[in-house]
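User: Hi! I'm new to this one, could you walk me through it?
Analyst: Happy to, let's look at it together.

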Amino acid sequence: MRSKETAPQYTLGKYARLKNMDAAFRVCKDVKGKKILLVDDICTSGSTLISASNELYLAGAKVVECFALSKKL
């Protein structure tokens with residue numbers, strides 16, 4: 001679940017994206033020992049998927065795999 005409003009990632013530079021996603025998500029269900037698949041519409045720097053994955057691992061997820069529908073070149 002998103003825990004704060006953030007600017008659209010595609011409008012930001014690499015380092016601004018990382019800062020923008022800092023503490024942007026929180027886990028609201030029990031994920032201990034679960035395998036999770038994260039799906040995003042576009043992957044620019046990967047910071048959205050990294051931030052969400054970190055929160056899931058901190059909450060006890062066993063495996064987090066990420067999939068993006070497209071990648072910005």
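User: What is the bridge partner of Leu 38 in strand 2?
Analyst: Cys 66 is the bridge partner of Leu 38. This is a predicted model, where local features need pLDDT of at least 70, side-chain atom pairs count only at pLDDT 80 or more, and totals for chains, interfaces and linings use all residues. Residues are numbered from 1 along each chain as its sequence is written, and side-chain values use heavy atoms, leaving out hydrogens and water.

User: In which sense do strand 1 and strand 2 pair?
Analyst: Parallel, over six bridges, between residues 35-40 and residues 63-68. Pairing takes at least two bridges found by DSSP, and strands are DSSP runs (E, at least two residues; helices are H or I, at least four), numbered from the N terminus.

User: Switching topic: at what angle do helix 1 and helix 2 cross?
Analyst: Roughly 30°, with the axes of helix 1 (residues 14-21) and helix 2 coming within 9 Å. The two helices are therefore roughly parallel (angles under 35 degrees).

User: Which residues make the contact?
Analyst: Arg 17, Leu 18 and Met 21 of helix 1 meet Ser 47, Thr 48 and Ser 51 of helix 2 (heavy atoms within 4.5 Å).

Methods: Axes are lines fitted to C-alpha atoms, for helices over the stretch in contact, and angles run from 0 to 180 degrees between N-to-C directions. Angles under 35 degrees count as roughly parallel, over 145 as roughly antiparallel, 65 to 115 as roughly perpendicular and the rest as oblique.
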